[in-house]
Amino acid sequence: MVWIAGGTFRMGDERFYPEEQPVRSVSVDGFWIDAAPVTVASFRRFVRATGHVTTAERPPDAAAYPDADPALLVPGSLVFQRSRGPVPLDDHTRWWAYVPGACWHEPEGRGSDTYMRAKHPVTHVTPEDVAAYCDWAGTALPTEAEWEYAARGGLDQAAFAWGDDDDPRRANRWVGEFPWQGHRGTSKVGTFEPNGYGLFDMTGNVWEWTSDPYTQDGHACHGPAADTGIPRQVIKGGSHLCAPSYCLRYRPAARQGETIDTSTSHLGFRCVIRA
């Protein structure tokens, strides 16, 4: 973990998406934060120690999804599937699919594995799974303000974690034509340079859960989750699926709301310990 001294910063951004506004002054106390997202190896140690069964490994509650296809009411998770060619970018079903068997240790579905990706961020986890991990590890999820303060790395109102110029060499984000040309998936933590606080993958690689509820109704959720009435939590940082032409959200101020029952192949987390 890395110690982040408390302070006051300007949170949000008025140059990009409406859900990031307004820019406001926010103060946070000092805290420790993971230098990188929780990895598959760390999550595996937790599962072996506790026997935890993740949300994606349990069948969905049919009562919560009355209109769902019964064939999909089986353990599984949402997996990105590259399209065969250009597709309209206003229909995420063109590249997301609910895949039976997909979970943290079989991220693309049955027959896939993570043993060669032990140092990659763990994915396919919900807030329930994250809470169980934090209880075991003696940690907590960061608030949205803590997360953004850490992600900025001391740069006041810079667009990106490294400055104002977009640079595909600085983060694992989509390079090519989304969603069919250029996909490379998650990367080992530490592959890209850290920010000014020594934190890796604060933007790109995987989105990260925070502890804050997403309360700004009316703003679009650019991801696989729909407005189902299920509570949403703020996720931050963007992922390897963020492309400048579609989702310019590999930035500290960027945010989305994700339903708390959602697990995906591009969503993980990191932990904090507060002083």
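# Reading surface, helix and side-chain contacts

User: Which residues make the nonpolar surface patch of about 380 Å²?

Analyst: Met1, Trp3, Trp32 and Ile273 make the patch of about 380 Å². A patch is built from residues with over 30% relative accessible area and no salt bridge; nonpolar side chains (Val, Leu, Ile, Met, Phe, Trp, Tyr) are joined within 5 Å, like charges within 9 Å. Areas come from the Shrake-Rupley method with a 1.4 Å probe, and for residues only the protein chains shown count as cover. This is a predicted model, in which local features need pLDDT of at least 70 and side-chain atom pairs count only at pLDDT 80 or more, while totals for chains, interfaces and linings use all residues. Residues are numbered from 1 along each chain as its sequence is written, and side-chain values use heavy atoms, with hydrogens and water left out.

User: Which residues of helix α1 are buried?

Analyst: An α-helix has 3.6 residues a turn, so residues three or four places apart point the same way. In α1 (residues 40-50), the buried residues are Val40, Ser42, Phe43, Arg44, Phe46 and Val47. They pack against α2 (127-137), where contact means heavy atoms within 4.5 Å. After α1 comes Gly51, with a positive phi near 75 degrees.

User: How many aromatic pairs does a search of the whole structure find?

Analyst: Rings of Phe, Tyr and Trp (its six-membered ring) pair if their centres lie within 6.5 Å; planes under 30 degrees apart count as stacked, over 60 as edge-to-face and the rest as tilted. The search finds 19 such pairs. One of them is edge-to-face: Trp95 and Tyr246, at 5.4 Å centre to centre and 80 degrees between the planes. Trp95, in the loop between β5 (76-80) and β6 (96-100), and Tyr246, in the loop between β8 (232-236) and β9 (255-259), are 151 residues apart. Tyr246 is buried at 16% relative accessibility. Phe178 and Tyr246 form a stacked pair, with 4.9 Å between centres and 5 degrees between planes. Separately, Phe43, Phe46, Trp104, Tyr133, Trp136 and Phe269 form one aromatic cluster.

User: Which ring does Arg249 lie over, and which residue does Arg249 meet in a salt bridge?

Analyst: A charge sits over a ring if NZ of Lys or CZ of Arg is within 6 Å of the ring centre and within 35 degrees of the ring normal. Arg249 lies over the face of Tyr17, 3.7 Å from the ring centre. A salt bridge is a side-chain nitrogen of Lys or Arg within 4 Å of a carboxyl oxygen of Asp or Glu. Arg249 meets Glu19 in one, at 2.6 Å, N to O. Arg249 is in the loop between β8 and β9 and Glu19 in the loop between β2 and β3 (24-28), so the pair ties together parts 230 residues apart in sequence. Arg249 counts as buried at 1% relative accessibility, and Glu19 is buried at 4%.

Methods:
Buried means under 20% relative accessible area, exposed over 50%, partly exposed in between (1.4 Å probe, protein chains only). Helices (H or I, at least four residues) and strands (E, at least two) are DSSP runs, numbered from the N terminus.
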